Amino acid sequence: MSDRTINQQPHTPHQQSHGEPGAQAPHIHGHGSEPDDFAVQIADSVESFVLAVTEVAKGDEPGSAVSLLLLEVSQLLLAGGRLGAIEDVVPEDRFEPDAGPEPDGEQLRERLAELLAPIDVYHEVFDPYGPPEKPNAFRISDDLAGVVSELQHGLTHYREGRISEALWWWQFSYLSNWGTTCTAVLRALQSLIAHVRLDSPIGAVPDGADTDDDGLTDEQLEQQAGDLMAAELGLGR
């Protein structure tokens with residue numbers, strides 16, 4: 001994972017914010033109870049992201065990998081925004097229950113790194129409100145594998161019926177790490193697609209030309225965009 005990660009050790013006391021309250025937190029059922037609609041929706045979004053990134057990493061459709069990741073990261077950030085907008089989730093237990101051994105995300109990271117090799121490294125300024133700093137280099141593969149690992153930690157709690165624990169973890173880790181990480185990855189993916197669709201080589205300044213003025217049909221534009229994406233990734237179509 002990139003160095004923007006704020007490490008969270010398991011079994012540490014939960015921290016509660018004393019800032020101004022945000023939106024009202026949803027009702028959270030206890031251990032063994034059925035989750036409410038909010039919890040189900042967040043868990044569905046988390047699980048969908050984990051499964052989708054895992055499928056993309058298999059490399060079966062390399063030409064659409066960037067587009068699919070852009071969509072999945074965008075959807076996950078919507079779930080994160082919902083977590084960030086509610087009041088602090090207060091778990092039932094003072095200490096985090098043992099979720100068991102953490103899944104090994106190294107294979108996922110390696111597959112993503114191989115798939116995204118030509119465009120894996122990107123640059124980002126960590127804190128836009130902090131003092132001026134030089135952009136740091138990160139890897140999309142590292143970031144996505146790290147986010148998947150964090151989300152899976154919450155999924156373990158959720159699947160074992162610890163609903164409040166899962167929501168607390170997802171909210172905490174969204175605010176402390178994966179929200180920032182996904183935002184940076186989204187910017188990188190969006191920038192890459194913009195370069196490709198505007199036929200602007202990476203590192204060059206777009207000339208502002210409108211691709212809709214070249215007389216091509218929507219189908220031809222879609223095919224052209226796909227060909228350009230494949231070319232940018234160094235893949236044949």
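Buried residues make up 39% of the 237 residues in the chain, where buried stands for under 20% relative accessible area, exposed for over 50% and partly exposed for what lies in between (1.4 Å probe, protein chains only).

Because the model is predicted, local features need pLDDT of at least 70 and side-chain atom pairs count only at pLDDT 80 or more, whereas totals for chains, interfaces and linings use all residues. Residues are numbered from 1 along each chain as its sequence is written, and side-chain values use heavy atoms, with hydrogens and water left out.

The protein chain holds 6 helices and 2 strands, in the order α-α-α-β-β-α-α-α from the N terminus; these elements are DSSP runs, with helices (H or I) of at least four residues and strands (E) of at least two. Of the contacts (heavy atoms within 4.5 Å) between residues at least 6 apart in sequence, 76% join residues at least 24 apart.

Two helix pairs are set out below, with axes fitted as lines to C-alpha atoms over the stretch in contact and angles running from 0 to 180 degrees between N-to-C directions.

| Helix pair | Angle | Axis distance |
|---|---|---|
| α3 (residues 106-115) and α4 | about 150° | 8 Å |
| α1 (residues 37-57) and α5 (residues 163-197) | roughly 55° | within 11 Å |

With the angle of about 150°, α3 is roughly antiparallel to α4, and α3 passes α4 in a right-handed crossing. By contrast, the angle of roughly 55° makes α1 oblique to α5, and α1 passes α5 in a left-handed crossing. Angles under 35 degrees count as roughly parallel, over 145 as roughly antiparallel, 65 to 115 as roughly perpendicular and the rest as oblique; a crossing is left-handed if the near helix is turned anticlockwise from the far one by less than a right angle, and right-handed if clockwise.

Between α3 and α4, L108, R109, L112 and A113 meet S141, D142, L144, A145 and V148. S141 lies in α4 (residues 140-159) and is buried, with a relative accessible area of 0%. Leaving aside residues up to four places away in sequence, S141 touches R109, L112, A113 and D120. The side chain of S141 also makes a polar contact with the side chain of D120 (2.7 Å), a polar contact being a pair of N or O atoms within 3.5 Å; within protein, one must be able to donate a hydrogen and the other to accept it, and residues adjacent in sequence count only if both atoms are side-chain atoms.
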